[in-house]
Each structure stands twice: as C-alpha cells, then as structure tokens.
Amino acid sequence: MGIDLIGGGRVKNNNRTSPQSNNVYVRLLVKLYRFLARRTDSNFNKVVLKRLFMSRINRAPISLTRLLRYAKTAEGKTVVIVGTVTDDARLTHLPKLSVTALRFTAGARARIVSAGGECLTFDQL
C-alpha cells in the first residue's frame with residue numbers, strides 16, 4: 001500500500017505562485033506587491049498579492065451599490081477592490097468615495113469622480 005508517484009513525485013502545494021494572465025499591468029503589480037509583501041509587515045500587501053494571482057472567475061466585478069454597502073464603515077478611508085468596479089443605474093445618490101481597483105467601467109468612473117471622489121490604480125495606492 002502506498003502512493004503511486006508519477007513523474008515529479010507527490011504534489012504538496014497547489015496554491016498559485018504567479019498569475020496565469022499575460023497582462024503586463026497585472027505582472028507589474030505582482031512584482032511590486034511581491035516586494036512589498038516580503039519587505040513590510042503589512043498583511044494587506046500579502047492579501048492583495050494573493051488576490052492578484054486569482055483567476056478572473058474569482059475576481060468577480062463589484063457594483064457601486066455593493067461597494068457602498070461595504071464602505072459604510074470606511075468613512076474617510078480608501079476602499080480597495082482587486083477586480084472591476086461597475087456602474088449601477090439604480091443608485092440615485094453616491095457619496096464622496098476614494099476607490100482603488102484594477103479596472104473601472106466608464107460609467108462607474110464618471111459617477112465616482114462627479115460625486116467628488118477619486119479613482120485610483122494599485123500603483124498610485
């Protein structure tokens with residue numbers, strides 16, 4: 001009784017160590033956050049790096065309505081989304097927000113900026 005070791009032996013770790021994407025921007029962010037995760041004690045950098053490795057399915061877009069629901073406690077702080085922020089036409093009033101994300105749809109970016117907020121990218125963060 002035992003394990004059949006085929007080829008390279010037993011695989012112990014299935015966590016991703018790099019993104020599957022060939023997107024140059026994502027690869028650059030991985031370099032930056034890999035350095036920050038290694039050289040700082042911040043858990044935030046480790047979480048961002050782990051989420052940059054995720055597939056597109058696991059980096060689902062988030063609407064402005066859901067973003068507001070989660071950002072109620074983050075008054076005066078920057079909300080960070082590793083994914084896409086989309087517009088929501090059902091939302092009538094948008095407060096001033098500072099949001100960092102991989103991508104913004106044109107409508108979401110326009111609504112955030114017109115409300116007096118700011119849309120940041122990860123390298124600006």
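Is Arg90 buried or exposed, and what is its relative accessible area?

A: Arg90 is exposed, with a relative accessible area of 71%. Here buried means under 20% relative accessible area, exposed means over 50%, and partly exposed is in between, using a 1.4 Å probe and protein chains only. The model is predicted, so local features need pLDDT of at least 70 and side-chain atom pairs count only at pLDDT 80 or more, while totals for chains, interfaces and linings use all residues. Residues are numbered from 1 along each chain as its sequence is written, and side-chain values use heavy atoms, with hydrogens and water left out.

Arg90 forms a salt bridge with Asp88, and the closest N and O atoms of this pair are 3.0 Å apart. The rule for a salt bridge is a side-chain nitrogen of Lys or Arg within 4 Å of a carboxyl oxygen of Asp or Glu. Asp88 sits in the loop between β2 and β3. Helices (H or I, at least four residues) and strands (E, at least two) are DSSP runs numbered from the N terminus. Setting aside neighbours within four places in sequence, Asp88 is in contact with Ser63, Leu64, Thr65 and Arg111. Contact means heavy atoms within 4.5 Å.

Arg111 takes part in a salt bridge of its own. Its partner is Asp87, with the closest N and O atoms 3.1 Å apart. Arg111 lies in helix α4 (residues 106-114) and Asp87 in the loop between β2 (78-86) and β3 (98-104), so this pair ties together parts that are 24 residues apart in sequence. Asp87 counts as partly exposed, at 33% relative accessibility. By the salt-bridge rule the count comes to two.

Strand β3 also holds Phe104. Phe104 is buried, with a relative accessible area of 9%. Not counting residues up to four places away in sequence, Phe104 touches Val85, Val99, Arg109, Ile112, Cys119 and Leu120.

Thr121 is found in the segment after β4 (118-120). At 24% relative accessibility, Thr121 is partly exposed. Beyond four places in sequence, Thr121 touches Tyr25, Thr100 and Ala101. The C-alpha atoms of Thr121 and Arg103 are separated by 7.8 Å, and these residues are 18 apart along the chain.

Ala71 belongs to helix α3 (residues 64-71). Ala71 is buried, at a relative accessible area of 7%, and it touches Val79 and Leu97 when residues up to four places away in sequence are not counted. From Ala71 to Ala106 the C-alpha distance is 21 Å, over 35 residues in sequence.

Gly9 is in the segment before α1 (24-39). Gly9 is partly exposed, with a relative accessible area of 26%. The C-alpha atoms of Gly9 and Arg56 are separated by 30 Å, and the two residues are 47 apart along the chain.

The whole chain gives the setting. The protein chain has four helices and four strands, and from the N terminus on the elements run α-α-β-α-β-β-α-β. The radius of gyration is 18 Å, well over the 14 Å that the globule rule gives for 125 residues, so the protein chain is more spread out than a compact globule. That radius is taken over C-alpha atoms, and the globule rule is 2.2 Å times the number of residues to the power 0.38. Along the principal axes, the C-alpha atoms fill a box of roughly 65 × 30 × 30 Å. Buried residues make up 33% of the 125 residues. Of the contacts with a separation of 6 or more, 34% involve residues 24 or more positions apart.

The protein chain exposes about 9000 Å², and carbon and sulfur atoms supply 52% of it. Accessible areas come from the Shrake-Rupley method with a 1.4 Å probe, and for residues only the protein chains shown count as cover. The mean positions of the 22 positive and 7 negative charges are 5 Å apart. Lys and Arg count as positive and Asp and Glu as negative, while His and the chain ends are not counted. The place of a charge is NZ of Lys, CZ of Arg, CG of Asp or CD of Glu.
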